[in-house]
There are 2 protein chains.
Amino acid sequence: MPKNINFDKLSHQPAYRVVSEKIRNAIVSGEIKTGELLPTETTLAEQFGVTRSTIREAIRLLEHGGMLGRADRKRLVVTLPQTDTVGRSVSSALLMHRVTYEELWQVAMGLEPLASKLACSTATAKDKQRLTANLVHTAEVMDNHDALLEAEIEFHDLLANATHNSALLLARAPLNELFYPAAWGAVIRALSPGKRILVAHQHIYGAICANNPDKAEEWMKKHMLDFRRGIEMGNLGFNEPVKG
Amino acid sequence: MPKNINFDKLSHQPAYRVVSEKIRNAIVSGEIKTGELLPTETTLAEQFGVTRSTIREAIRLLEHGGMLGRADRKRLVVTLPQTDTVGRSVSSALLMHRVTYEELWQVAMGLEPLASKLACSTATAKDKQRLTANLVHTAEVMDNHDALLEAEIEFHDLLANATHNSALLLARAPLNELFYPAAWGAVIRALSPGKRILVAHQHIYGAICANNPDKAEEWMKKHMLDFRRGIEMGNLGFNEPVKG
DNA sequence: GCTGACATATTGTCCGACAATATGTCAATT
DNA sequence: AATTGACATATTGTCGGACAATATGTCAGC
């Protein structure tokens with residue numbers, strides 16, 4: 001009787017994938033530090049024992065994630081993935097999943113008040129200064145729909161940055177890219193809520209400067225609920241998929 | 001006096017980037033639907049008027065985002081990016097940013113109670129059935145550290161899936177991959193809190209079945225705070241960077 | 001010391017080739 | 001009729017070499 005040999009399904013990974021994974025490991029493990037130049041394609045090809053074409057495909061795999069940037073448009077340099085870079089691939093995924101405004105709003109309801117609360121204890125002088133400048137600018141452009149939208153988005157982004165929590169920044173990246181531009185844009189065009197927006201922002205900012213986390217959180221919640229009412233009043237299709 | 005001609009700094013994007021972007025647009029705009037096969041490399045090369053190598057590099061750029069998968073290990077097929085696939089690149093980014101357990105915990109504090117609350121009204125019978133099975137299994141393996149950790153992670157994942165909110169799922173993907181395995185793992189090994197975990201899960205599950213969002217949210221908060229206390233009691237380096 | 005010419009290095013793109021493998025076709029066999 | 005096997009075909013993975021464009025380094029000349 002023949003032995004029952006158990007062959008494990010051999011996983012024939014293409015070479016460019018293997019190479020890519022090796023480079024990726026070298027990067028996240030810190031073996032190649034951020035800011036350092038990646039070896040040239042030819043030397044990489046020699047080291048891994050493959051052709052330059054294969055190396056190039058492996059590099060492309062990583063390039064999209066944002067961990068590789070261009071130093072001088074020639075040599076590649078290891079870079080810290082920026083929020084917006086990573087956010088773009090997440091946003092693509094969400095668009096393909098036909099994510100609705102409602103779903104994004106729910107996430108925003110979870111993250112934005114949290115950001116407000118955290119920012120109270122983490123915001124630096126520089127952060128507060130940027131927020132101040134944003135408020136001034138918002139007051140100036142209150143009647144310009146496009147400029148107002150831009151200022152509104154910037155406020156939320158500055159606030160999130162003031163937490164200095166990279167996990168939070170990445171988690172809310174799709175809000176910047178998908179949710180606010182489309183949803184706030186619609187509300188602003190339909191209702192011209194410049195005044196209401198500014199007042200809410202001012203209260204949030206005030207609470208942060210007063211180091212009052214609860215109040216900051218509460219006002220951000222109000223702000224988001226207010227926004228939701230705007231969507232509903234304008235009958236703007238809260239349950240429809242976001243269109244990129 | 002010569003006219004002041006204003007040349008805009010021409011941005012010489014490499015061909016593989018342009019091609020990649022065009023394909024990406026075709027995909028997210030739905031021009032190529034999910035499940036459909038991507039044209040073969042040679043036809044793409046003819047259509048875009050570039051070489052196959054260039055096409056291949058363009059494809060690699062998209063492949064990492066998870067919007068392209070392999071149908072039969074040959075032809076490429078357009079696929080819905082899975083949570084874990086997208087999550088992996090986010091996790092890489094977070095690792096490079098030297099994200100701390102504390103930061104991830106803060107995000108978890110924002111998203112997990114939210115998931116509990118939302119799941120009350122969205123969980124299907126199938127979802128609840130899966131949760132039940134998880135609870136039974138958790139009770140069985142309560143003294144096996146590895147199995148308990150796995151069950152604990154699965155509970156939170158099932159809960160999040162029960163919201164059927166893809167934005168929320170993507171936002172919390174790094175928790176599954178980075179936070180829970182390392183942090184919960186440490187707590188479980190140090191304190192053997194199997195009983196406490198199970199009780200908390202049962203309360204959350206009970207609140208969902210009773211359609212009591214406030215209670216579900218509250219218990220999840222307790223659960224997360226409890227976990228944090230565990231970390232602090234064990235003196236397990238809450239403020240250190242997560243090691244991948 | 002600065003400038004400009006020149007060689008060098010590196011990437012972007014092209015071309016052609018071949019092996020491995022999945023798919024389709026069709027005849028032979030049971 | 002259904003299955004099998006042989007064979008041609010299509011497609012991807014990998015190779016090797018080639019050349020243009022451009023950034024970098026070097027060195028003479030002013």
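The residues of the surface near DNA strand C divide by class into four nonpolar, five polar and 11 charged. Here a residue is near a strand if one of its heavy atoms lies within 4 Å of it. Ala, Val, Leu, Ile, Met, Phe, Trp, Tyr, Cys and Pro count as nonpolar, Asp, Glu, Lys and Arg as charged, and the others, Gly among them, as polar. The model is predicted: local features need pLDDT of at least 70 and side-chain atom pairs count only at pLDDT 80 or more, while totals for chains, interfaces and linings use all residues. Residues are numbered from 1 along each chain as its sequence is written, chains are lettered from A and ligands numbered from 1 in the order in which they are written, and side-chain values use heavy atoms, with hydrogens and water left out.

Around DNA strand C there are 20 residues, and the nearest are Arg52(A), Arg70(A), Ala15(B), Thr51(B) and Thr54(B). Sugar or phosphate holds 69% of the atoms of DNA strand C within 4 Å of the protein, and bases hold the rest. Several polar contacts (pairs of N or O atoms within 3.5 Å) can be picked out. A side-chain N or O atom of Arg70(A) is 2.7 Å from a phosphate oxygen of DNA strand C.

A polar backbone atom of Ala15(A) is 2.3 Å from a phosphate oxygen of DNA strand D. From chain B, the side chain of Arg70(B) has an N or O atom 2.7 Å from a phosphate oxygen, and a polar side-chain atom of Arg56(B) lies 3.1 Å from a phosphate oxygen.

How are the two protein chains related? Chain A superposes on chain B by a rotation of 180° with 0.1 Å of shift along its axis (RMSD 0.2 Å), which is the relation of a two-fold axis. The superposition is by least squares on the C-alpha atoms of residues with pLDDT of at least 70 in both copies.

The contact between the chains (heavy atoms within 4.5 Å) takes 42 residues from chain A and 42 residues from chain B. Of the interface residues of chain A, 100% are also interface residues in chain B, so the copies meet through the same surface. About 4,300 Å² is buried between chain A and chain B, with carbon and sulfur atoms giving 63% of this area. Buried area is the accessible area (1.4 Å probe) that two parts lose on being put together, summed over both.

Definitions and conventions
A polar contact is a pair of N or O atoms within 3.5 Å; within protein, one must be able to donate a hydrogen and the other to accept it, and residues adjacent in sequence count only if both atoms are side-chain atoms.
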